[in-house]
Amino acid sequence: MEQLPIVRPGECVVARSDGRGGLVLGVEKVRGREFAASAECSGYVLDARLLMDVLGGLKMPGSWFQVWCKLVALQNANRADDQFRAAARGFVKTSQRDLQDRCKLSAASVNEASRFFAHIGWMRTAKRGILQLNPWLTVAGTSGEQEKWQALWNSAKGPACIIPHADYPTEWRQARDTEKKAAESARRKEKVVTLRQRWPLRKLSA
């Protein structure tokens with residue numbers, strides 16, 4: 001039996017057909033961007049350096065980057081404090097008010113950042129006060145735990161993950177502004193019906 005390839009950290013085994021009914025095994029570096037774009041993979045995923053590279057290339061407000069960093073930091077992967085953790089491993093217990101205090105940001109800034117990251121599928125609300133960061137983007141457990149978190153994300157119909165291009169945050173903001181203006185314009189065009197005021201009945205004197 002031929003020696004199997006040695007797999008080092010950051011690498012994975014790939015199998016290809018040799019054209020004669022057999023398989024050729026090889027080792028390649030894990031490419032996180034491809035993993036993040038597919039909900040069919042399982043196990044360990046995105047290289048943290050690649051995630052930072054993606055974030056560093058986005059032309060977005062610094063407050064958004066700050067909120068995302070706080071969320072990732074709150075996703076504690078240390079088993080030593082399991083009994084004290086407010087949320088299960090792989091999840092984050094927080095709120096808009098909590099993020100405001102931690103980031104020292106306004107409610108509007110935290111709300112806009114949260115909406116954007118939910119829109120691009122980097123996080124979802126599991127239940128009130130509990131968030132799940134996209135398990136294809138954050139490495140926070142063993143491969144078995146990752147598979148479990150990925151299954152939870154898919155069963156909850158979590159949003160599809162997007163690796164946005166540099167100008168996408170600006171485009172998203174412009175689209176939101178357009179939608180708001182259209183909704184406000186439609187509201188102003190609605191016909192206002194004035195209700196006739198009913199006067200209280202006067203008691204007849206005896």
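1. Let's start in the middle of the fold. The largest nonpolar core holds 26 residues, and Trp64, Val67, Trp68, Leu71, Phe116, Phe117 and Trp122 touch the most other members. At least two residues of this core come from each of these elements: helix H2 (48–57), H3, helix H4 (96–103), helix H5 (107–119), S5 and helix H7 (168–189). A nonpolar core here is a set of buried Ala, Val, Leu, Ile, Met, Phe, Trp, Tyr and Cys residues joined through side-chain atoms within 4.5 Å. Buried means under 20% relative accessible area, exposed means over 50%, and partly exposed is in between (1.4 Å probe, protein chains only).

2. A word on what you are looking at. This is a predicted model, in which local features need pLDDT of at least 70 and side-chain atom pairs count only at pLDDT 80 or more, while totals for chains, interfaces and linings use all residues. Residues are numbered from 1 along each chain as its sequence is written, and side-chain values use heavy atoms, with hydrogens and water left out.

3. Now the overall plan. The chain has seven helices and five strands, and from the N terminus on they run β-β-α-α-α-β-α-α-β-β-α-α. Both kinds of element are DSSP runs numbered from the N terminus: helices are H or I with at least four residues, strands are E with at least two. Of the 206 residues in the chain, 31% are buried. Among contacts between residues at least 6 apart in sequence, 58% join residues at least 24 apart; a contact means heavy atoms within 4.5 Å.

4. Next, have a look at the open sheet. In which order do its three strands stand? The order is S3-S5-S4, with antiparallel pairing. S3 and S4 are at the edges with a single partner strand each, so one side of each has no neighbour in the sheet. On average, neighbouring strands of this sheet are turned by 35° against each other, direction ignored.

5. The pairing can be followed residue by residue. Two strands pair if DSSP finds at least two bridges between them. Strand S3 (residues 91–93) is antiparallel to S5 and pairs with it over three bridges; Phe91 has Gln132 as its bridge partner in S5. Strand S4 (residues 123–127) and S5 also run antiparallel, joined by four bridges. In S5, Met123 has Leu133 as its bridge partner, and Lys127 has Ile130. S4 and S5 form a hairpin with two residues between them, and Gly129 in the turn has a positive phi of about 85°.

6. Which of its residues point the same way as Ile130? Gln132 does, whereas Leu131 and Leu133 point the other way, and all of them are buried. Helix H3 (residues 62–74) lies across S3, S4 and S5, at about 95° to S5. Such angles run from 0 to 180 degrees between N-to-C directions, with axes being lines fitted to C-alpha atoms, for helices over the stretch in contact.

7. Leaving aside residues up to four places away in sequence, Val67 touches Leu99, Cys103, Leu105, Val110 and Ala113. Ala73 is in helix H3 too, but Ala73 is exposed, with a relative accessible area of 60%.

8. The aromatic residues are worth a visit. The whole structure has eight aromatic pairs. Phe116 and Trp172 have ring centres 5.3 Å apart and planes at 70°, so their pair is edge-to-face. Phe116 in helix H5 and Trp172 in helix H7 are 56 residues apart, and the pair links distant parts of the chain. Rings of Phe, Tyr and Trp (its six-membered ring) pair if their centres lie within 6.5 Å; planes under 30 degrees apart count as stacked, over 60 as edge-to-face and the rest as tilted. Phe116 is buried at 0% relative accessible area, and Trp172 counts as buried at 9%. Ring pairs also link Trp64, Trp68, Phe116, Phe117, Trp122, Tyr168 and Trp172 into a cluster.

9. Finally, the cysteines. How many disulfides does the structure hold? There are zero, where a disulfide is a pair of cysteine sulfur atoms within 2.5 Å. For Cys69, the nearest cysteine sulfur is that of Cys103, 9.0 Å away. Cys69 is partly exposed at 31% relative accessible area, while Cys161 counts as buried at 19%.
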